[in-house]
Amino acid sequence: MPERPSSTNDSNAPPAATDGGDPRLAFVYAEAVRGLQHQQGVVESLNTRAGNLIFATAFASSLLGGRALLDGVGPWDWLALILLFLIGLLVAIMWPYYNYTFRFDPEKLLQDFVDQHPPATLDGMHRALALRIKSDMASNWRIIQRLRVALQLALFLWLLDLLAWLFAIARI
């Protein structure tokens with residue numbers, strides 16, 4: 001099927017409708033974008049959960065730790081303080097990364113697809129960008145996995161921290 005450059009007459013029409021291109025490529029590109037948007041939502045969710053963990057840790061430690069430390073510092077108090085420190089380290093690991101790739105650089109898009117002679121077809125752009133999204137998602141996923149593991153470990157340590165404060169209060 002011969003490809004022709006896209007027309008600029010109807011800016012509201014879907015890309016495949018404006019150039020007579022392969023709708024399968026447009027579909028693959030749209031699914032790749034949808035996957036990248038989902039991945040961005042996962043990152044935002046992890047950041048929200050990390051914020052909630054910071055709040056819960058601060059609240060529980062101030063409430064329970066204040067009560068537990070009234071009678072001095074015992075072994076359970078030391079354990080709770082060490083766990084609190086470890087949670088702080090894990091939260092520092094979860095500090096927002098800016099190495100994610102969720103968007104394309106407009107200058108690079110112009111160089112790669114518009115400023116070339118002849119300019120890239122819309123089908124060619126869809127194909128190249130879908131493959132670039134796949135690579136970006138793989139790179140993002142490595143960071144997301146580290147954050148997920150750090151968050152799970154921090155949550156587990158938070159539960160142990162609560163128990164240590166409670167044992168310190170009960171003087172077990």
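**Burial, helices and packing**

Of the 172 residues of the chain, 30% count as buried, where buried means under 20% relative accessible area with a 1.4 Å probe, protein chains only. This is a predicted model, in which local features need pLDDT of at least 70 and side-chain atom pairs count only at pLDDT 80 or more, while totals for chains, interfaces and linings use all residues. Residues are numbered from 1 along each chain as its sequence is written, and side-chain values use heavy atoms, with hydrogens and water left out.

The secondary structure comprises five helices and zero strands; helices are DSSP runs of H or I with at least four residues, strands are E runs of at least two, and both are numbered from the N terminus. Among the contacts in the chain with a separation of 6 or more, 86% join residues 24 or more positions apart, a contact being heavy atoms within 4.5 Å.

Helix α2 (residues 23–68) and helix α3 (residues 75–93) pack at an angle of about 165 degrees, with their axes 12 Å apart. Axes are lines fitted to C-alpha atoms, for helices over the stretch in contact, and angles run from 0 to 180 degrees between N-to-C directions. The angle makes α2 roughly antiparallel to α3, the term for angles over 145 degrees. The contact is made by Leu53, Ile54, Thr57, Ser61 and Ala68 of α2 with Asp77, Leu84, Ile87 and Val91 of α3.

How do the axes of α3 and α5 cross? They come within 8 Å and cross at roughly 160 degrees, so α3 is roughly antiparallel to α5. Among the α3 residues in this contact are Trp76, Leu83 and Leu90, and the α5 side includes Leu147, Trp158 and Phe167. By class, the contact has 21 nonpolar, no polar and two charged residues; Ala, Val, Leu, Ile, Met, Phe, Trp, Tyr, Cys and Pro count as nonpolar, Asp, Glu, Lys and Arg as charged, and the others, Gly among them, as polar.

Finally, the core. The largest nonpolar core has 31 residues, and those with the most contacts inside it are Leu53, Met94, Tyr100, Leu147, Leu151 and Trp158. Such a core is a set of buried Ala, Val, Leu, Ile, Met, Phe, Trp, Tyr and Cys residues joined through side-chain atoms within 4.5 Å. Its largest share, 14 residues, comes from α5.

Conventions: Parallel < 35°, antiparallel > 145°, perpendicular 65-115°, else oblique. Buried < 20%, exposed > 50% of the residue type's maximum accessible area, 1.4 Å probe, protein only.
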